[in-house]
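Visitor: I have a structure to look at and a few questions to go with it. Could you walk me through it?

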Amino acid sequence: MRLSGAVEQACCIMALLADPNETSPITNDTLAEKMAVSPTYLKKISRKLVVAQLIISTQGAGGGFILAREMSQVTLHDVVLAIEGEAPFFQSRGIIERVFATRRHQVEIGMNMIEKVFSEAQQKWNYYLKTVTLEDIAKEVMRG
């Protein structure tokens, strides 16, 4: 599976908001400047994080973004889910069925096997990402 660069940027947003030296909300423009990315593009990512309830957007003077939860309560799975959604790794497009139309029974057996393997792989992937919090990563960074 290939994740978009937005996942890395979302992790950076979360890390910047978790910085103990930051005592007030951080604006989208400040995040964009620190990350050297387009503010417009960053708005799309931050919006997904708000919808997923990983960050909170505060309005008005002194407004910006803050964490919605402690870093110990946010997993890599939460971030990936917020950015990439829940689409399964494998989605049949019907190509195998068309190519091997005369072998319908064998195709059904093969497709069931393929779908089962990818489904199990995705379950293991999700489980593992749920075991790593952003706090775990921050602690490791601080040791280095």
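This is a predicted model: local features need pLDDT of at least 70, side-chain atom pairs count only at pLDDT 80 or more; totals for chains, interfaces and linings use all residues.

Visitor: Is histidine 77 buried or exposed?
Guide: Its relative accessible area is 12%. Buried means under 20%, so histidine 77 is buried.

Visitor: Let's go to the helix pairs. How do α1 and α2 lie relative to each other?
Guide: Helix α1 spans residues 5-18 and helix α2 residues 28-35, and their axes are 11 Å apart. The angle between them is about 115 degrees. Angles of 65 to 115 degrees count as roughly perpendicular, so α1 and α2 are roughly perpendicular.

Visitor: Which residues of α2 meet α1, and what is the handedness of the crossing?
Guide: The crossing of α1 and α2 is right-handed. From α1 come Gln9, Cys12, Ile13 and Leu16. By class, this contact has five nonpolar residues, one polar and one charged. On the α2 side, the residues are Leu31, Lys34 and Met35, and the crossing is right-handed.

Visitor: And how do α2 and α3 lie relative to each other?
Guide: Their axes are 9 Å apart and meet at an angle of about 110 degrees. That angle makes α2 roughly perpendicular to α3.

Visitor: Which residues of α3 make the contact with α2?
Guide: α2 passes α3 in a right-handed crossing. α2 brings Asn28, Asp29, Leu31, Ala32 and Met35 to the contact. The residues involved divide into five nonpolar, two polar and two charged. From α3 come Pro39, Leu42, Lys43 and Ser46.

Visitor: Why do the buried residues of α2 line one face of the helix?
Guide: The buried residues in α2 are Asn28, Leu31, Ala32 and Met35. An α-helix has 3.6 residues a turn, so residues three or four places apart point the same way. Seen down the axis of α2, the buried residues line one face because they fall within an arc of 100 degrees.

Visitor: What covers those buried residues of α2?
Guide: Leu31 and Met35, both buried in α2, meet α1, and they also take part in the contact with α3. A strand, β2 (64-67), is included as well.

Visitor: Which residue follows α2, and what is its phi?
Guide: Helix α2 covers residues 28-35. The residue that follows α2 is alanine 36, and its phi is positive, near 55 degrees.

Visitor: Now to glutamate 135: how far is it from arginine 69 in space?
Guide: Glutamate 135 is found in helix α7, residues 134-143. At a relative accessible area of 30%, glutamate 135 is partly exposed, and it touches Met71 and Ser72, not counting residues up to four places away in sequence. Glutamate 135 and arginine 69 are 66 residues apart in sequence, while their C-alpha to C-alpha distance is 11 Å.

Visitor: One last stop: what separation is there between the C-alpha atoms of proline 88 and glutamine 122?
Guide: Proline 88 is found in the loop between α4 and α5. Its relative accessibility of 41% counts as partly exposed. Proline 88 and glutamine 122 are 34 residues apart along the chain, and their C-alpha atoms are separated by 7.3 Å.

Conventions: Residues are numbered from 1 along each chain as its sequence is written. Side-chain values use heavy atoms; hydrogens and water are left out. Axes are lines fitted to C-alpha atoms, for helices over the stretch in contact, and angles run from 0 to 180 degrees between N-to-C directions. Helices (H or I, at least four residues) and strands (E, at least two) are DSSP runs, numbered from the N terminus. Angles under 35 degrees count as roughly parallel, over 145 as roughly antiparallel, 65 to 115 as roughly perpendicular and the rest as oblique. A crossing is left-handed if the near helix is turned anticlockwise from the far one by less than a right angle, and right-handed if clockwise. Contact means heavy atoms within 4.5 Å. Ala, Val, Leu, Ile, Met, Phe, Trp, Tyr, Cys and Pro count as nonpolar, Asp, Glu, Lys and Arg as charged, and the others, Gly among them, as polar. Buried means under 20% relative accessible area, exposed over 50%, partly exposed in between (1.4 Å probe, protein chains only). The arc is that of the directions from the helix axis to the C-beta atoms.
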